[in-house]
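Please read this briefing alongside the sequence and the structure. It takes up the single chain, then how the copies are related, then where they touch.

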There are 2 protein chains.
Amino acid sequence: MQRLYLEDLSIGQKFASRSQTIDAEAIKAYAREFDPQPFHLAEDEAKKSLFGGLAASGWHTASLTMSLIVESVPLAGGVIGTGGELAWPRPTRPGDTLRVVTEVLEITPSRSRPDRGMIIMCSTTLNQHEEAVQVFTPKVVVQRRQLGA
Amino acid sequence: MQRLYLEDLSIGQKFASRSQTIDAEAIKAYAREFDPQPFHLAEDEAKKSLFGGLAASGWHTASLTMSLIVESVPLAGGVIGTGGELAWPRPTRPGDTLRVVTEVLEITPSRSRPDRGMIIMCSTTLNQHEEAVQVFTPKVVVQRRQLGA
(Lines give C-alpha, C1' and ligand atoms only; values in the text may rest on other atoms or scores of the structure.)
Protein backbone atom coordinates (compact mmCIF):
# COMPACT_ATOMS: atom_id res chain seq x y z
CA MET A 1 0.00 0.00 0.00
CA GLN A 2 1.42 3.35 -1.04
CA ARG A 3 2.17 5.63 1.91
CA LEU A 4 0.68 9.09 1.62
CA TYR A 5 2.28 12.41 2.54
CA LEU A 6 0.53 15.71 3.17
CA GLU A 7 0.96 16.66 -0.50
CA ASP A 8 -0.87 13.48 -1.57
CA LEU A 9 -4.04 14.32 0.37
CA SER A 10 -7.04 16.33 -0.85
CA ILE A 11 -10.15 17.68 0.81
CA GLY A 12 -12.97 15.15 0.54
CA GLN A 13 -10.62 12.22 -0.04
CA LYS A 14 -12.08 9.04 1.47
CA PHE A 15 -10.67 5.80 2.81
CA ALA A 16 -12.80 2.71 3.46
CA SER A 17 -11.80 -0.06 5.84
CA ARG A 18 -12.65 -3.73 5.75
CA SER A 19 -15.50 -5.00 7.94
CA GLN A 20 -15.08 -6.71 11.27
CA THR A 21 -17.71 -8.56 13.32
CA ILE A 22 -17.73 -8.25 17.11
CA ASP A 23 -19.20 -10.97 19.32
CA ALA A 24 -20.40 -11.03 22.93
CA GLU A 25 -17.23 -12.70 24.17
CA ALA A 26 -15.03 -9.93 22.77
CA ILE A 27 -17.33 -7.29 24.30
CA LYS A 28 -17.06 -8.92 27.73
CA ALA A 29 -13.30 -9.51 27.48
CA TYR A 30 -12.61 -5.84 26.71
CA ALA A 31 -15.01 -4.76 29.47
CA ARG A 32 -13.38 -6.97 32.09
CA GLU A 33 -10.07 -5.23 31.46
CA PHE A 34 -11.10 -1.63 30.84
CA ASP A 35 -14.79 -0.92 31.50
CA PRO A 36 -16.17 -3.44 34.00
CA GLN A 37 -19.74 -2.18 34.21
CA PRO A 38 -22.66 -4.64 34.33
CA PHE A 39 -24.19 -3.64 30.97
CA HIS A 40 -20.90 -4.50 29.21
CA LEU A 41 -20.37 -7.77 31.11
CA ALA A 42 -23.62 -9.72 31.46
CA GLU A 43 -26.78 -10.02 29.34
CA ASP A 44 -29.14 -10.16 32.37
CA GLU A 45 -27.81 -6.99 33.97
CA ALA A 46 -27.66 -5.27 30.59
CA LYS A 47 -31.39 -5.83 30.02
CA LYS A 48 -32.15 -3.83 33.17
CA SER A 49 -29.85 -0.96 32.16
CA LEU A 50 -30.30 2.08 29.94
CA PHE A 51 -28.91 -0.01 27.06
CA GLY A 52 -31.69 -2.62 27.27
CA GLY A 53 -29.22 -5.37 26.35
CA LEU A 54 -25.52 -6.13 26.14
CA ALA A 55 -23.58 -3.25 24.60
CA ALA A 56 -19.89 -2.75 23.91
CA SER A 57 -17.99 -0.10 25.83
CA GLY A 58 -17.66 3.01 23.70
CA TRP A 59 -13.92 2.67 24.23
CA HIS A 60 -14.05 -0.82 22.75
CA THR A 61 -15.80 0.58 19.68
CA ALA A 62 -13.11 3.27 19.58
CA SER A 63 -10.31 0.71 19.89
CA LEU A 64 -11.72 -1.49 17.13
CA THR A 65 -12.20 1.60 15.00
CA MET A 66 -8.52 2.46 15.44
CA SER A 67 -7.48 -1.02 14.32
CA LEU A 68 -9.52 -0.55 11.13
CA ILE A 69 -8.15 2.97 10.56
CA VAL A 70 -4.56 1.76 10.88
CA GLU A 71 -5.22 -0.70 8.04
CA SER A 72 -7.13 1.67 5.80
CA VAL A 73 -5.57 5.14 6.13
CA PRO A 74 -2.00 4.72 4.81
CA LEU A 75 -0.32 7.88 6.08
CA ALA A 76 3.44 8.11 5.89
CA GLY A 77 4.69 8.13 9.47
CA GLY A 78 1.49 6.48 10.69
CA VAL A 79 -1.79 7.75 12.06
CA ILE A 80 -0.96 10.02 15.02
CA GLY A 81 -3.87 12.02 16.38
CA THR A 82 -3.78 14.72 19.02
CA GLY A 83 -7.49 14.41 19.84
CA GLY A 84 -10.84 15.61 18.58
CA GLU A 85 -14.58 15.39 18.98
CA LEU A 86 -15.83 11.87 19.74
CA ALA A 87 -19.48 10.79 19.62
CA TRP A 88 -21.25 7.47 20.12
CA PRO A 89 -24.72 7.97 18.56
CA ARG A 90 -25.75 4.37 19.36
CA PRO A 91 -24.13 1.38 21.01
CA THR A 92 -22.28 -1.48 19.33
CA ARG A 93 -24.14 -4.75 19.92
CA PRO A 94 -22.99 -8.40 19.88
CA GLY A 95 -22.93 -9.64 16.30
CA ASP A 96 -22.54 -6.17 14.79
CA THR A 97 -20.28 -5.91 11.76
CA LEU A 98 -18.37 -2.64 11.78
CA ARG A 99 -16.50 -0.76 9.09
CA VAL A 100 -14.94 2.69 9.09
CA VAL A 101 -15.12 5.41 6.45
CA THR A 102 -12.58 8.21 6.87
CA GLU A 103 -12.81 11.53 5.05
CA VAL A 104 -10.23 14.32 4.88
CA LEU A 105 -11.88 17.59 6.00
CA GLU A 106 -9.03 20.09 6.31
CA ILE A 107 -5.34 20.19 5.36
CA THR A 108 -3.03 22.72 7.01
CA PRO A 109 0.75 22.80 6.45
CA SER A 110 2.70 23.79 9.57
CA ARG A 111 4.06 27.33 9.50
CA SER A 112 6.96 26.56 11.81
CA ARG A 113 7.79 22.96 10.82
CA PRO A 114 8.37 22.46 7.08
CA ASP A 115 8.46 18.67 7.52
CA ARG A 116 4.83 18.27 8.58
CA GLY A 117 1.27 19.52 8.61
CA MET A 118 -2.03 18.89 10.34
CA ILE A 119 -5.19 17.46 8.87
CA ILE A 120 -8.65 17.17 10.33
CA MET A 121 -10.31 13.95 9.30
CA CYS A 122 -13.66 12.40 10.16
CA SER A 123 -13.80 8.66 10.82
CA THR A 124 -17.35 7.30 10.92
CA THR A 125 -17.81 3.77 12.23
CA LEU A 126 -20.87 2.12 10.66
CA ASN A 127 -22.70 -1.05 11.63
CA GLN A 128 -24.29 -3.53 9.20
CA HIS A 129 -27.41 -1.32 9.00
CA GLU A 130 -25.29 1.65 7.85
CA GLU A 131 -25.95 3.37 11.18
CA ALA A 132 -23.13 5.31 12.80
CA VAL A 133 -21.99 3.83 16.12
CA GLN A 134 -19.10 6.29 16.41
CA VAL A 135 -18.02 9.54 14.79
CA PHE A 136 -14.52 10.79 15.57
CA THR A 137 -13.09 14.00 14.10
CA PRO A 138 -9.42 14.15 15.08
CA LYS A 139 -6.52 16.38 14.24
CA VAL A 140 -3.80 14.19 12.78
CA VAL A 141 -0.12 15.02 12.21
CA VAL A 142 1.01 14.18 8.67
CA GLN A 143 4.53 14.20 7.24
CA ARG A 144 5.47 16.28 4.21
CA ARG A 145 7.75 14.94 1.50
CA GLN A 146 11.35 15.82 2.24
CA LEU A 147 12.64 18.39 -0.22
CA GLY A 148 15.37 16.88 -2.35
CA ALA A 149 14.50 13.34 -1.25
CA MET B 1 -19.40 3.27 47.95
CA GLN B 2 -22.57 5.36 47.89
CA ARG B 3 -24.13 5.61 44.44
CA LEU B 4 -24.89 9.16 43.34
CA TYR B 5 -27.97 10.42 41.53
CA LEU B 6 -28.32 13.67 39.60
CA GLU B 7 -29.60 15.42 42.74
CA ASP B 8 -26.44 14.44 44.63
CA LEU B 9 -24.10 16.18 42.18
CA SER B 10 -22.92 19.78 42.26
CA ILE B 11 -20.95 21.99 39.90
CA GLY B 12 -17.25 21.77 40.73
CA GLN B 13 -17.59 18.44 42.55
CA LYS B 14 -14.43 16.36 42.05
CA PHE B 15 -13.62 12.67 42.10
CA ALA B 16 -10.07 11.32 42.33
CA SER B 17 -9.06 7.84 41.19
CA ARG B 18 -6.30 5.60 42.45
CA SER B 19 -3.02 5.48 40.53
CA GLN B 20 -2.03 2.82 38.06
CA THR B 21 1.37 2.19 36.50
CA ILE B 22 1.65 1.11 32.87
CA ASP B 23 4.61 -0.89 31.58
CA ALA B 24 6.06 -1.51 28.10
CA GLU B 25 4.52 -4.97 27.89
CA ALA B 26 1.00 -3.63 28.48
CA ILE B 27 1.58 -0.88 25.89
CA LYS B 28 2.66 -3.45 23.29
CA ALA B 29 -0.12 -5.92 24.14
CA TYR B 30 -2.82 -3.29 23.67
CA ALA B 31 -1.15 -2.08 20.46
CA ARG B 32 -0.94 -5.58 18.96
CA GLU B 33 -4.71 -5.93 19.30
CA PHE B 34 -5.95 -2.42 18.53
CA ASP B 35 -3.26 -0.04 17.26
CA PRO B 36 -0.44 -2.01 15.65
CA GLN B 37 1.81 0.86 14.62
CA PRO B 38 5.59 0.62 15.04
CA PHE B 39 5.90 3.40 17.66
CA HIS B 40 3.51 1.50 19.96
CA LEU B 41 5.12 -1.92 19.38
CA ALA B 42 8.92 -1.66 19.37
CA GLU B 43 11.43 0.62 21.08
CA ASP B 44 13.77 0.79 18.06
CA GLU B 45 11.09 1.87 15.63
CA ALA B 46 9.61 4.25 18.19
CA LYS B 47 12.92 6.12 18.49
CA LYS B 48 12.78 6.96 14.78
CA SER B 49 9.16 8.17 14.98
CA LEU B 50 7.57 11.47 15.94
CA PHE B 51 7.29 10.11 19.50
CA GLY B 52 11.06 9.64 19.90
CA GLY B 53 10.48 6.52 21.98
CA LEU B 54 7.85 3.93 22.87
CA ALA B 55 4.47 5.55 23.51
CA ALA B 56 1.09 4.09 24.41
CA SER B 57 -1.73 4.34 21.90
CA GLY B 58 -4.01 7.23 22.84
CA TRP B 59 -6.82 4.67 22.89
CA HIS B 60 -4.90 2.65 25.45
CA THR B 61 -4.60 5.76 27.62
CA ALA B 62 -8.34 6.29 27.10
CA SER B 63 -9.15 2.69 28.01
CA LEU B 64 -7.05 2.80 31.19
CA THR B 65 -8.64 6.13 32.04
CA MET B 66 -12.09 4.56 31.74
CA SER B 67 -11.12 1.75 34.11
CA LEU B 68 -10.06 4.36 36.68
CA ILE B 69 -13.23 6.42 36.16
CA VAL B 70 -15.46 3.37 36.68
CA GLU B 71 -13.83 2.88 40.09
CA SER B 72 -13.85 6.52 41.14
CA VAL B 73 -17.05 8.12 39.81
CA PRO B 74 -19.88 6.26 41.58
CA LEU B 75 -22.89 7.26 39.49
CA ALA B 76 -26.14 5.38 40.01
CA GLY B 77 -26.76 3.45 36.82
CA GLY B 78 -23.08 3.58 35.89
CA VAL B 79 -20.97 5.91 33.80
CA ILE B 80 -22.60 6.10 30.35
CA GLY B 81 -21.19 8.78 28.08
CA THR B 82 -22.47 9.84 24.68
CA GLY B 83 -19.18 11.40 23.61
CA GLY B 84 -17.26 14.64 23.99
CA GLU B 85 -14.02 16.42 23.27
CA LEU B 86 -10.93 14.23 23.66
CA ALA B 87 -7.34 15.51 23.75
CA TRP B 88 -3.97 13.86 24.22
CA PRO B 89 -1.58 16.72 25.11
CA ARG B 90 1.36 14.32 25.50
CA PRO B 91 1.92 10.57 25.19
CA THR B 92 1.82 7.99 27.96
CA ARG B 93 5.25 6.36 28.33
CA PRO B 94 6.37 2.99 29.74
CA GLY B 95 6.60 3.28 33.53
CA ASP B 96 4.16 6.17 33.76
CA THR B 97 1.83 6.16 36.75
CA LEU B 98 -1.57 7.53 35.81
CA ARG B 99 -4.46 8.82 37.86
CA VAL B 100 -7.68 10.54 36.86
CA VAL B 101 -9.35 13.60 38.35
CA THR B 102 -12.96 14.13 37.27
CA GLU B 103 -14.84 17.39 37.78
CA VAL B 104 -18.54 18.09 37.26
CA LEU B 105 -18.89 21.07 34.90
CA GLU B 106 -22.62 21.24 34.06
CA ILE B 107 -25.80 19.56 35.33
CA THR B 108 -28.93 19.59 33.19
CA PRO B 109 -32.13 17.72 34.11
CA SER B 110 -33.93 16.27 31.10
CA ARG B 111 -37.04 18.22 30.09
CA SER B 112 -38.73 15.19 28.51
CA ARG B 113 -37.50 12.36 30.79
CA PRO B 114 -38.10 12.97 34.52
CA ASP B 115 -36.00 9.92 35.43
CA ARG B 116 -32.69 11.29 34.16
CA GLY B 117 -30.47 14.21 33.29
CA MET B 118 -27.23 14.99 31.52
CA ILE B 119 -24.00 16.22 33.03
CA ILE B 120 -20.84 17.44 31.39
CA MET B 121 -17.78 16.33 33.26
CA CYS B 122 -14.06 16.74 32.63
CA SER B 123 -11.77 13.79 33.29
CA THR B 124 -8.09 14.71 33.28
CA THR B 125 -5.58 11.88 33.23
CA LEU B 126 -2.33 12.90 34.92
CA ASN B 127 1.06 11.21 34.92
CA GLN B 128 3.50 11.10 37.86
CA HIS B 129 4.80 14.57 36.92
CA GLU B 130 1.26 16.01 37.22
CA GLU B 131 1.20 16.52 33.45
CA ALA B 132 -2.03 15.83 31.58
CA VAL B 133 -1.76 12.92 29.13
CA GLN B 134 -5.48 13.03 28.34
CA VAL B 135 -8.36 15.43 28.84
CA PHE B 136 -11.85 14.13 28.06
CA THR B 137 -14.99 16.24 28.47
CA PRO B 138 -17.98 13.95 27.92
CA LYS B 139 -21.70 14.29 28.24
CA VAL B 140 -22.86 11.61 30.68
CA VAL B 141 -26.40 10.36 31.33
CA VAL B 142 -27.24 10.34 35.06
CA GLN B 143 -30.30 8.88 36.77
CA ARG B 144 -32.58 10.96 39.00
CA ARG B 145 -33.98 9.62 42.22
CA GLN B 146 -37.37 8.02 41.62
CA LEU B 147 -40.11 10.07 43.19
CA GLY B 148 -41.76 8.15 45.97
CA ALA B 149 -38.94 5.59 46.05
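This is a predicted model: local features need pLDDT of at least 70, side-chain atom pairs count only at pLDDT 80 or more; totals for chains, interfaces and linings use all residues.

Chain A and chain B are related by a rotation of 180°, and they meet through the same surface. Helix 4 of chain A packs against helix 4 of chain B, and strand 3 of chain A is joined to strand 3 of chain B.

**The chain**

- Four helices and six strands make up the secondary structure elements of chain A.
- Their order along the sequence of chain A is β-β-α-α-α-α-β-β-β-β.
- The C-alpha trace of chain A spans about 60 × 25 × 20 Å along its principal axes.

**How the copies are related**

- In general, a rotation about an axis and a shift along it relate two copies of a chain.
- Here, chain A is superposed on chain B by a rotation of 180° with 0.0 Å of shift along the axis, at an RMSD of 0.0 Å.
- This is the relation of a two-fold axis.
- Within chain A, the C-alpha nearest the axis belongs to A:Glu85, at 2.2 Å from it.

**The interface as a whole**

- On the side of chain A, 28 residues are in contact with 29 residues of chain B.
- Helix 4 and strand 3 (80-87) of chain A each supply at least two residues of the side that touches chain B.
- That side of chain A has 15 nonpolar, 11 polar and two charged residues.
- Of the interface residues of chain A, 100% are also interface residues in chain B, so the copies meet through the same surface.

**Helix 4 against helix 4**

- Helix 4 covers residues 58-72 in chain A and residues 58-72 in chain B, and the two helices pack at an angle of about 170° with their axes 10 Å apart.
- Because angles over 145 degrees count as roughly antiparallel, helix 4 of chain A is roughly antiparallel to helix 4 of chain B.
- The crossing of these two helices is left-handed.
- Chain A makes this contact with A:Trp59, A:Ala62, A:Ser63 and A:Met66, and chain B with B:Trp59, B:Ala62, B:Ser63 and B:Met66.

**Strand 3 against strand 3**

- Strand 3 of chain A and strand 3 (residues 80-87) of chain B run antiparallel and are joined by five bridges.
- A:Leu86 has B:Gly84 as its bridge partner in strand 3 of chain B.

Conventions: Residues are numbered from 1 along each chain as its sequence is written. Chains are lettered from A and ligands numbered from 1 in the order in which they are written. Copies are superposed by least squares on the C-alpha atoms of residues with pLDDT of at least 70 in both. Two residues are in contact if their C-beta atoms, placed from the backbone, lie within 7 Å. Axes are lines fitted to C-alpha atoms, for helices over the stretch in contact, and angles run from 0 to 180 degrees between N-to-C directions. Angles under 35 degrees count as roughly parallel, over 145 as roughly antiparallel, 65 to 115 as roughly perpendicular and the rest as oblique. A crossing is left-handed if the near helix is turned anticlockwise from the far one by less than a right angle, and right-handed if clockwise. Ala, Val, Leu, Ile, Met, Phe, Trp, Tyr, Cys and Pro count as nonpolar, Asp, Glu, Lys and Arg as charged, and the others, Gly among them, as polar. Two strands pair if DSSP finds at least two bridges between them.
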